[in-house]
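Dear colleague,

Please find below the structure that I am handing over to you, followed by an account of what was found in it.

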Amino acid sequence: MNLTELFSHPGLGVMSTSSPDGKVNNAVYARPHVIDETTLVWGMTDNRTYQNLARNRHAAFLFKTSDPGFSGVRLGLELIRTEEEGVLLAAIKANTDEIVGPGAGAAVTHAAWFRVTETRPLI
């Protein structure tokens with residue numbers, strides 16, 4: 001599955017994380033920045049998802065394109081690192097301002113880099 005091509009389509013994404021004691025969290029997330037077919041980056045705030053990842057580096061991401069039917073992907077992810085400054089984070093903040101509204105990008109404080117550990121179709 002070509003992730004670059006897939007994430008060029010509009011759609012809905014949901015990231016799932018878990019706290020160390022097993023409490024699951026689901027959150028709507030934008031399409032990632034595709035570095036290559038095994039490396040994806042999302043902008044994150046200091047929310048529950050980020051807090052879970054700080055203690056448990058594993059996550060899942062489900063993406064359903066807006067196309068008719070069940071086009072999309074389920075991904076297993078492992079957090080590689082986070083960045084609190086840099087060109088990519090600045091681009092993510094600017095993109096957030098454009099999509100969500102002026103000033104919204106200020107809440108994005110981390111660029112979270114993930115390794116794709118598993119790729120599965122939606123169905």
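A salt bridge is taken here as a side-chain nitrogen of Lys or Arg within 4 Å of a carboxyl oxygen of Asp or Glu. Please note also that this is a predicted model.

Salt bridges

By that criterion, the whole structure contains 3 salt bridges. One of them links Glu 83 with Arg 81, with 3.3 Å between the closest N and O atoms. Arg 81 has a relative accessible area of 37% and is partly exposed.

Another joins Glu 78 to Arg 115, where the closest N and O atoms are 2.4 Å apart. Because Glu 78 belongs to strand S6 and Arg 115 to strand S7, this pair ties together parts that are 37 residues apart in sequence. Glu 78 is partly exposed at 24% relative accessible area, and Arg 115 is likewise partly exposed, at 38%.

A further salt bridge brings together the side chains of Asp 21 and Lys 23, at 3.9 Å from N to O. Asp 21 is exposed, with a relative accessible area of 57%; Lys 23 is also exposed, at 57% relative accessibility. As a general point, side chains of opposite charge can pair when their charged atoms come close.

Ser 19 is found in the loop between strand S1 (11–18) and strand S2 (24–29). Is Ser 19 buried or exposed? Its relative accessibility is 9%, so Ser 19 counts as buried. When neighbours within four places in sequence are left aside, Ser 19 is in contact with Asn 52 and Asn 56.

The nonpolar cores

The largest nonpolar core consists of 21 residues, and those with the most contacts inside it are Phe 7, Met 15, Phe 61, Leu 75, Leu 77 and Phe 114. Among the elements that give two or more residues to this core are helix H1 (3–6), helix H2 (48–55), strand S5 (58–65), strand S6 (72–83) and strand S7 (110–120). The greatest contribution comes from S6, with 4 residues. Apart from this core lies another, of 6 residues, which include Val 41, Val 108, Ala 111 and Trp 113. In soluble globular proteins, nonpolar side chains tend to be buried together.

Residues up to four places away in sequence not counted, Leu 77 touches Met 15, Leu 40, Trp 42, Arg 57, His 58, Ala 59, Phe 61, Phe 114, Arg 115, Val 116 and Thr 117.

Strand S4 and its partners

Strand S4 (39–44) has 5 of its 6 residues buried, so S4 is largely enclosed by the rest of the structure. S4 pairs with strand S3 (residues 33–36) in the antiparallel sense, over 3 bridges, and a hairpin of 2 residues joins S3 to S4. Within this pairing, Val 41 of S4 is the bridge partner of His 33; Val 41 also belongs to the core of 6 residues.

S4 runs antiparallel to S7 as well, and 6 bridges join these strands. There, Gly 43 has Ala 111 in S7 as its bridge partner, and Ala 111 is a further member of the core of 6 residues.

Yours sincerely

Key: Residues are numbered from 1 along each chain as its sequence is written. This is a predicted model: local features need pLDDT of at least 70, side-chain atom pairs count only at pLDDT 80 or more; totals for chains, interfaces and linings use all residues. Side-chain values use heavy atoms; hydrogens and water are left out. Buried means under 20% relative accessible area, exposed over 50%, partly exposed in between (1.4 Å probe, protein chains only). Contact means heavy atoms within 4.5 Å. A nonpolar core is a set of buried Ala, Val, Leu, Ile, Met, Phe, Trp, Tyr and Cys residues joined through side-chain atoms within 4.5 Å. Two strands pair if DSSP finds at least two bridges between them.
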